[in-house]
Amino acid sequence: MMKRIAAFIVAAAAAGCIFTGCQPKKKEIKSEKVTQQESVSYEDALRECFNAMQCEGGGEIFYSYMYPNETIDAMKANGEYDNLVKSFNESQSDVLKSRDVKYEFSGIKTSKELSEKQVAGVKTYLVELSEPYLSTLTEDRLDVKEGYETTYEYLKDDKTTAIETVIVFKLNDEGWKVITQ
């Protein structure tokens, strides 16, 4: 139980670090469907991940970008996934309802391919992140096919507000994943 709570706190903190205070105007609150596996570019994937944080019901999308699919399958098999998504969505809903500003993904500022050392770090991070749910996941089962250290900009009420740096990468054959720094 403590591992689940700790993992949820880590997920919420990661989301908060990159998306704190972000919200669409009340009329723009909507539910999203997971579509990132169809994203052609890392920019599309990053935009979708960002947008998932700006609407109600984005928890499933957020978790799909955060964890390997194998870990999500283990969460589902253990009966933990639905509760994690529900808790995330409820927390995000409260945050969105308490703010009156609109945050919008503006675009990629810079991007560079991941080094071998960064790829190794990505694998280590994913194994450690997955451990509470899938202790059998090993780095050799993770294939980073393409990856970038990306700096992007987002707007607050149509004005430049922040620049963030993240790691965006294709994992195995499951699509793009995002790691916030």
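The model is predicted, so to speak of local features a pLDDT of at least 70 is needed, side-chain atom pairs count only at pLDDT 80 or more, and totals for chains, interfaces and linings use all residues. Residues are numbered from 1 along each chain as its sequence is written, and side-chain values use heavy atoms, leaving out hydrogens and water.

**The sheet**

- Let's start with the strands, which are DSSP runs of E with at least two residues, while helices are runs of H or I with at least four, both numbered from the N terminus.
- Four strands form an open sheet in the order 1-2-3-4, and their pairing is antiparallel; two strands pair if DSSP finds at least two bridges between them.
- At the edges sit strand 1 (103-113) and strand 4 (175-180), each of which pairs on one side only.
- From one strand to the next, the twist averages 35 degrees; angles run from 0 to 180 degrees between N-to-C directions, and axes are lines fitted to C-alpha atoms, for helices over the stretch in contact.
- Helix 2 (residues 42-52) packs on this sheet and touches strand 1, strand 2, strand 3 (159-171) and strand 4, where contact means heavy atoms within 4.5 Å.
- The direction of helix 2 makes about 140 degrees with that of strand 1.
- Strand 1 pairs with strand 2 (residues 144-156) in the antiparallel sense over 9 bridges, and S111 stands opposite T150 in strand 2.

**Two helices that cross**

- Two packed helices are described by the angle between their axes and the distance between the axes.
- For helix 3 (residues 59-66) and helix 5 (residues 81-97), the axes come within 8 Å and cross at roughly 120 degrees.
- On the helix 3 side, G59, E60, F62 and Y63 meet Y81, L84, V85, F88 and N89 of helix 5.

**Cysteines and a buried glutamate**

- The count of disulfides comes to 0, a disulfide being a pair of cysteine sulfur atoms within 2.5 Å.
- C49 counts as buried because its relative accessibility is 4%; buried means under 20% relative accessible area, exposed over 50%, and partly exposed in between (1.4 Å probe, protein chains only).
- C55 is buried too, with a relative accessible area of 1%.
- You can find E80 in the loop between helix 4 (69-77) and helix 5, and E80 is buried at a relative accessible area of 8%.
- E80 and Y133 lie 53 residues apart along the chain, and their C-alpha atoms are separated by 8.7 Å.
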